[in-house]
Each structure stands twice: as C-alpha cells, then as structure tokens.
Amino acid sequence: TWTTAAFVEEAIREVRAKVGDKRVLLALSGGVDSSTLAFLLHRAIGDQLTCMFIDQGFMRKGEPERLLKLFQEQFHIKVEYVNARDRFLAQLVGVTDPEEKRKRIGHEFIRVFEEESQRLGPFDYLAQGTLYPDVIESANTNIDPQTGERVAVKIKSHHNVGGLPENLRFKLVEPLRKLFKDEVRQVGRSLGLPEEIVRRHPFPGPGLAIRILGEVTPERLEILRDADLIVRQEINRAEMYHDFWQAFAVLLPIRTVGVMGDQRTYAYPVVLRFVTSEDGMTADWARVPYDLLERISNRIVNEVPGVNRVVYDITSKPPGTIEWE
Ligand code: XMP
C-alpha cells in the first residue's frame, strides 16, 4: 500500500543513487509541484540543488518576497533570485493580443532561464515537477534513443511554448512522476511545506499579465496588485479561501464614469472572478455572499486609485474560461 513516508524514503534513495555528487537545477515557481520537488530534493541532496526563481514581475503583491523568505530563511534551501521584471515588461510594450502576450512571456522565460543556467552552472541534471498525468501526455520530454532515458525538451513552467535549445537538454530528475496532484500535496505536507502553498489556488504562469486585459503597464500592474490583495484579504477574513477553486480580480483597459464626493470620476473597472471547480476543466461561478462582495467592492473603490467600479462575473465554464485571456 502507498504511504507518504515510504514514498519519500524511496524517492530520496533513488535521487541519491541517480545524482551522486552532481549538481541539479530546478526552476521554482512557488506552486505546489515545484515547491514539493524542491523540499524533496533538498532533503535528498542538500546544496547540490540550486533553485532558480525567475521573477517576471507578474506575481501577486508580496509573493516573491514571501517565497524567498520561506525557502531561504525558514528552510535554508538555496534559491537564486532572478529579477527579470524590466525585461518581461519590455516584451509587452504595445502588445494587446492574449496569445501574443503568452508567447512573448514564454519565450522570454526560456531566454532568461538559458542565460541564468549558464551563469550559475554547469548543471548535470534538471529537476522537473512532472506528475503522472504529464508522463501520460509525455508533453515535456523525449526518450534518448541511446540510453532510453527521458530527456528534457521543454521546461515544465506553465508556458506552453517552444522547446529548450540543444544546450539545455539536461538529463532529468523527476521524482514525482508517479504521483497524482493529491499525492503531491500529501508529500509536500509531510516534508513540511506550509499549508499556504499546499492548498494554494492555481495561478497561471503568465500571472497578472493575462489578468490585465490589453496592454500591461507598470501603472496597471500596481492597480491590479492592490485590488487582488484586497480580494485575498477579505476572502481570508471571511474564512472562505477554500470554498473557491480560484478567486481573483481582473482589470479592464477601459474607463467608466463614476462619482466620488462631488467629483466626477473616470476610471478603470475591476472584475471579480470567483469560481468553483473540481479540476479546472469545467467551472461554475461561485454564489458568493453579497456582504462579502460588498466589502470587497467598497474597499477596492475606496482604496485603489484608478478604479471606480467593481463588477462580478456570472459566467460558468463553458462557455466562459476561468481566466479572461
Ligand atoms: P481557463 O482560463 O482555460 O483556465 O479556464 C483553466 C485553468 O488553467 C489555469 N491557466 C493557466 N495555468 N499557465 C498555467 O499554468 C497558463 O498559461 C494558464 N492559463 C490558464 C487557470 O488559472 C485555471 O486554473
């Protein structure tokens, strides 16, 4: 029978046997898969593991800092922080098409990953948070015809773009490859990964960049970050975080008329998107208590300059997607 403890023990043995005294690189996103992987590998091979955390500038308010603090200070795991905010933003100047945005972000991710892995390397292995469903899709790998081993051709980074260049086709370490998502959560938990990561809502790789419709600018990022933080704070205060599959804010690139005091305002609307779902494939808009919506709406309009209206999305998936881009 499968137990978490037995799995962890066996995985650690396997990793040590495979890696020996070689160096392993891991692209850390802060999601449950890559975080669990980091914890497991750190236990297995300590400082032979280097985690690379690329900050694209599209994460939620305070998240990069929180992640670094957690890994470095609390768990003493080596994380190389790469501040690539300006580069990613520069890629998006004037870009409004959703697919084009994703493509550019994905490509920039590969470029940064390539440069940084050369700067920090050399590495012998790339650790990937491949899960059993990914193995079945065999989405990110090729089989080396000589050795029969799985080799990375793509990095599992939530960016479904391009392949890894030849020089980045590392050998793989994939200790989670037999697990389903729920088992990963259990393993993460058993390794001491905090609940806030284990049970975190899914967050798309391109992050807030696809929750700002139209062009992404520093001003809009700041507005959405502040609105998004209020959403999280109020949901947590209402102890409803786990009632939703996802709950977030979207910024629209249009302006509407409002009134504040005796002043006319002309500012952005924010959309609240709260859904329930089993797996993200289909979803239902969440029947949120009105008083929670009211608190969120009041706070956003009062506290976030640049926003004067809040609306609630009542579209299920299908026909709507969960994200707006
Ligand atoms: P949609 O919007 O297609 O989203 O209904 C389904 C689920 O996938 C997440 N999502 C992404 N996750 N990279 C990711 O890792 C992405 O580019 C991406 N786009 C959407 C979305 O948040 C939802 O959970």
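For "binding site", the unreviewed UniProt entry lists Ser 29, Gly 30, Gly 31, Val 32, Asp 33, Ser 34 and Ser 35. Let's look at how these positions sit in the structure, keeping in mind that this is a predicted model.

Two of the listed residues are worth a visit. Val 32 belongs to helix H2, and Ser 34 is found in helix H2 as well. Are they buried or exposed? A residue is buried if 20 or more other C-beta atoms lie within 10 Å of its own. Val 32 has 21 such atoms within 10 Å, so Val 32 is buried. Ser 34 has 23 C-beta neighbours inside 10 Å and therefore counts as buried.

Their contacts, leaving out residues up to four places away in sequence, are as follows.

| Residue | Contacts |
|---|---|
| Val 32 | Val 184, Arg 185, Gly 188, Ile 197, Val 198 and Arg 200 |
| Ser 34 | Leu 26, Ala 27, Leu 28, Ser 29 and Gly 129 |

Two of the Ser 34 partners, Leu 26 and Ala 27, lead us to strand E1, which spans residues 24-27. Both faces of E1 are covered: Val 24 and Leu 26 are buried on one side, and Leu 25 and Ala 27 are buried on the other.

What does E1 pair with? Strand E2 (residues 49-55) joins E1 in the parallel sense over 4 bridges, with Val 24 opposite Leu 49. Strand E4 (residues 125-127) also pairs with E1 in the parallel sense, over 3 bridges, and here Val 24 stands opposite Tyr 125.

Methods: Residues are numbered from 1 along each chain as its sequence is written. This is a predicted model: local features need pLDDT of at least 70, side-chain atom pairs count only at pLDDT 80 or more; totals for chains, interfaces and linings use all residues. A residue is buried if 20 or more other C-beta atoms lie within 10 Å of its own, exposed if 12 or fewer, and partly exposed in between; C-beta atoms are placed from the backbone. Helices (H or I, at least four residues) and strands (E, at least two) are DSSP runs, numbered from the N terminus. Two strands pair if DSSP finds at least two bridges between them. UniProt positions are given in the numbering used here, feature names are shortened, and annotations may be inferred rather than shown by experiment. Two residues are in contact if their C-beta atoms, placed from the backbone, lie within 7 Å.
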